[in-house]
Amino acid sequence: MIFTGKGAQEVKPVSLVSTTSTAFLEALREAGIRYAFANLGSDHTGIIEAYSQAARLGRLDDYPELVTCPHESVALSAAHGYAQVSGQPQAVLVHTDVGTQNLGGAIHNASRGRVPVLIFAGLSPMTQEGELRGTRTEHIHWLQDTIDQRGMLRGYVKHDQEIRTGRNVKQLVHRAVQLARSEPAGPVYLVAAREVMEEELPPQPAPGDWWAPVAPAALVPEVTDEIAAALEQARDPLVVTSYLGRDPAAVPALVELCELAAIGVVESSPIRLNFPADHPLHLGFHWNRPGQEAVLAQADVIIVLGSDVPWIPGHNRPSSSARIFVVDIDPVKSSLPMWYLPATRYALADLRTAVRQLTARLSLRGRLDPGTVVARAARLGAVHDAQRAEWAARERPRPDDVITPEYLVACVREAIGPDAVVLTEAVASYPVVSQHLRSSRPGTLYGSGGGSLGWAGGAAVGTKLAAPERTVVSLVGDGSYLFGVPASAQWLARRQAAPSLTVIFDNQGYRTPFLSTIAVHPDGDAVRTGFSVSFEPEADLAGVAAAAGGAYAATVTAAARLPQTLRQALAEVAAGRSAVVSVQIPPV
Ligand SMILES: Cc1ncc(C[n+]2csc(CCOP(=O)(O)OP(=O)(O)O)c2C)c(N)n1
Ligand SMILES: [Mg+2]
């Protein structure tokens, strides 16, 4: 290979032009980036030439595979899905200010979800009279020049930088990827003017292997002792987590700790599988529903292990005497403007490492009283069993053939089996998905991590590209489905041969804003008048996917038909074609 690694010193063929763009693309590949999810424009002429040259020379493997995405938010969501499942950041190439703006809420999701991704956007050319190659040639080059393009993403990226010369573009790319991957991981943003990306320069050697992400941090011994001692003395210890399972290997580590000391686990607005839902120490899920959760109120020692919102104190809070410890890769949430917990200790640590430290400390000392542990495990197991019996009763089919969300999730669970990768964006049905999917295997459940709907459409494509052997299933609201630019996402799935099943919880509108209003105005006019955001007359949601991506499309209105339709849809997916099943649940 001429371009990459130490081979950069080799002979340069006559027909080879080396530019900032070629070095940039080589650096992405050197950094392990496999895909460039791209929406190209006039700022990318150097990149387009680079790919064209590589195609001519048979060297496309030197660059990330260029994946054309007809919408930028789908591109970023695809990179998000890929990184969530694989841990590997990918690149997203967008056009100047407008492409950056079209990333939309997907940048919020990547940021809040702590997902590594490298975003590159061109800047408008900086010269206008032909001074340099790449100078302005189109009217939009004046219009797309903005005061502070990088500022548009500031607040959502960990790092933003302008590439000012090709002479150190590789270093800038490797550094950006290092920053993106170091915990707390997140998106990074590079920009460069067209003239810079067109700059001719000698082939750039790969910088050394200096760019590993920051190594995981452990708890200092004093803090391990402090938390272990609190657990030893606790009457009702509880772990609350939302994203410990970002590291799937942390899940069995948490199981071991909880079994050792009989610690209950609650998942609060989970965006990962953090603890097996079928484990007797799993004590349920907290979402937004108003009301005090007894398990949280009873706890005397609480360890918050990876959560941005472990509870919502306005309606659900721990006892004022509870001792609370926060252990997190991001313990004080520097990117969230207003955030605090009544905790006695905040510790920055890799969660798997910290959990193993606690397990080792508690095992060594032998100070856990076996009788207490056994009795507590039995008591918590009874709470778990009662909870599950209540949930099981709710998922039985109704005699009138109406499809409830509970029944829908139960049918999905039975159809997809325990190993499918599920992306959840079912909004008002988030709690129902948590309770009835019963996800129990690490790496099988993902949320966006943020609050910008429309993530699952693109994320499913990225997930399938990262894990081609897995069945990928998205559970989405009808509103979320439409936010996800389904024509773009479904087209991309077909183009990239990345099929998945999408199940739409179709209540023909937005339920959630109404639920939000009830929480603030329980006796207000919205409740009295039955305000709704209805999508009447409704689009043929599944038909959009058929038209854009050749997907198998079905709409289900009767409970009895649901299992068979899901089976058919999964058969289509297994055969290589996406499927969208729109399921009519009671309307808003
Ligand atoms: C990009 C974006 N726009 C708006 C919202 C505000 N919002 C929150 S829930 C919701 C309704 C979503 O509709 P649907 O997916 O059908 O879910 P449902 O509430 O009906 O369960 C909206 C619009 C949001 N979260 N993200
Ligand atoms: Mg809806």
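A residue is near a molecule or strand if one of its heavy atoms lies within 4 Å of it. In this predicted model, local features need pLDDT of at least 70 and side-chain atom pairs count only at pLDDT 80 or more, while totals for chains, interfaces and linings use all residues. Residues are numbered from 1 along each chain as its sequence is written, chains are lettered from A and ligands numbered from 1 in the order in which they are written, and side-chain values use heavy atoms, with hydrogens and water left out.

The account begins with ligand 1. Of the 16 residues around ligand 1, those that come nearest are Asp-478, Gly-479, Ser-480, Asn-507 and Thr-512. Several polar contacts can be listed here, a polar contact being a pair of N or O atoms within 3.5 Å; within protein, one must be able to donate a hydrogen and the other to accept it, and residues adjacent in sequence count only if both atoms are side-chain atoms. An oxygen atom of ligand 1 lies 2.5 Å from an N or O atom in the side chain of Thr-512. A polar backbone atom of Ser-480 is 2.8 Å from an oxygen atom of the ligand, and a polar backbone atom of Leu-453 is 3.2 Å from a nitrogen atom of the ligand.

Asp-478 belongs to helix α17 (residues 478–483), and Asn-507 to the loop between β16 (501–506) and β17 (509–510), so that the pair, 29 residues apart, links distant parts of the chain. Helices (H or I, at least four residues) and strands (E, at least two) are DSSP runs, numbered from the N terminus. Asp-478 is buried, at 2% relative accessible area, and Asn-507 is buried at 8%; buried means under 20% relative accessible area, exposed over 50% and partly exposed in between (1.4 Å probe, protein chains only).

The next topic is the nonpolar core, a set of buried Ala, Val, Leu, Ile, Met, Phe, Trp, Tyr and Cys residues joined through side-chain atoms within 4.5 Å. The largest one has 86 residues, of which Ile-302 and Val-327 touch the most other members. Helix α10 (residues 250–261) gives the most to this core, with eight residues. Because domain 2 (221–386) and domain 3 (394–584) both give residues to this core, it lies between them; the domain bounds come from an automatic or database domain assignment. A second, separate core of 61 residues includes Ala-78, Leu-123, Val-188 and Leu-465.

Two single residues complete the tour. Trp-287, in the loop between β9 (282–286) and α11 (294–298), counts as buried at 17% relative accessibility. Its side chain makes a polar contact of 3.0 Å with the side chain of Ser-434. Ser-182 is found in the loop between α7 (169–181) and β6 (187–193) and is buried, with a relative accessible area of 8%. A polar atom of the Ser-182 side chain lies 2.8 Å from the backbone oxygen of Gln-178, and one lies 2.9 Å from the backbone nitrogen of Val-214.
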